[in-house]
Amino acid sequence: MLRPTPGGRCTVLRVVGNTDNLEHAALYLYRDWLPASGEEAGDFPLYCQRLSLFPEVPEHEAVADLFLPLK
């Protein structure tokens with residue numbers, strides 16, 4: 001089932017290199033960035049946009065953006 005992504009404000013974290021496991025990046029956003037920012041998470045889950053993928057590019061050049069919707 002596909003859900004449309006929300007409009008509005010998001011913080012974005014770009015991950016360059018191995019993008020197979022984005023757990024550490026997601027934990028950083030929720031555990032470190034969000035409390036320090038004074039922002040509040042929105043009502044939509046974190047989502048990812050992969051901009052370049054291995055094997056189309058070398059693994060160290062793979063890029064993904066993690067979006068954390070904000071209230």
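Modeller: Helices (H or I, at least four residues) and strands (E, at least two) are DSSP runs numbered from the N terminus, and in this numbering the place of Ser52 is in strand 2. This is a predicted model, in which local features need pLDDT of at least 70 and side-chain atom pairs count only at pLDDT 80 or more, whereas totals for chains, interfaces and linings use all residues. Residues are numbered from 1 along each chain as its sequence is written, and side-chain values use heavy atoms, with hydrogens and water left out.

Biologist: What pattern does the chain follow when read along the sequence?

Modeller: The chain contains one helix and three strands, and they come in the pattern β-α-β-β.

Biologist: Why do strand 1 and strand 2 stand at the edges?

Modeller: The three strands form an open sheet in the order 1-3-2, with antiparallel pairing. Strand 1 (10–16) and strand 2 (47–52) each have a single partner strand, so one side of each is left without a neighbour in the sheet. From one strand to the next, the twist averages 20°.

Biologist: Why is Ser52 called buried, and what does its side chain reach?

Modeller: Ser52 has a relative accessible area of 17%, and buried means under 20% (exposed is over 50%, partly exposed in between, with a 1.4 Å probe and protein chains only), so Ser52 counts as buried. Its side chain reaches the backbone oxygen of Glu61 at 3.2 Å and the backbone nitrogen of Val63 at 3.1 Å.

Biologist: How do you know that Phe44 and Tyr47 form an aromatic pair, and of which kind?

Modeller: Rings of Phe, Tyr and Trp (its six-membered ring) pair if their centres lie within 6.5 Å, and planes under 30 degrees apart count as stacked, over 60 as edge-to-face and the rest as tilted. Phe44 and Tyr47 lie 5.8 Å apart centre to centre with 85° between the planes, and the pair is therefore edge-to-face.

Biologist: Which kind of pair do Tyr47 and Phe67 form?

Modeller: Tyr47 and Phe67 form a stacked pair, with 5.1 Å centre to centre and 5° between the planes. Since Tyr47 lies in strand 2 and Phe67 in strand 3, the pair ties together parts that are 20 residues apart in sequence. Phe44, Tyr47 and Phe67 form one aromatic cluster; within it, Phe44 counts as buried at 18% relative accessibility, and Phe67 is buried at 15%.

Biologist: Which residues make up the largest nonpolar core?

Modeller: A nonpolar core is a set of buried Ala, Val, Leu, Ile, Met, Phe, Trp, Tyr and Cys residues joined through side-chain atoms within 4.5 Å. The largest one has 10 residues in all, namely Val15, Leu22, Ala25, Ala26, Leu29, Leu34, Ala64, Leu66, Leu68 and Leu70. Helix 1 (23–37) and strand 3 each supply at least two residues of this core, and the largest share, four residues, comes from helix 1.

Biologist: How many of the 71 residues, as a percentage, count as buried?

Modeller: Of the 71 residues of the chain, 30% count as buried.

Key
Two strands pair if DSSP finds at least two bridges between them. Axes are lines fitted to C-alpha atoms, for helices over the stretch in contact, and angles run from 0 to 180 degrees between N-to-C directions. A polar contact is a pair of N or O atoms within 3.5 Å; within protein, one must be able to donate a hydrogen and the other to accept it, and residues adjacent in sequence count only if both atoms are side-chain atoms.
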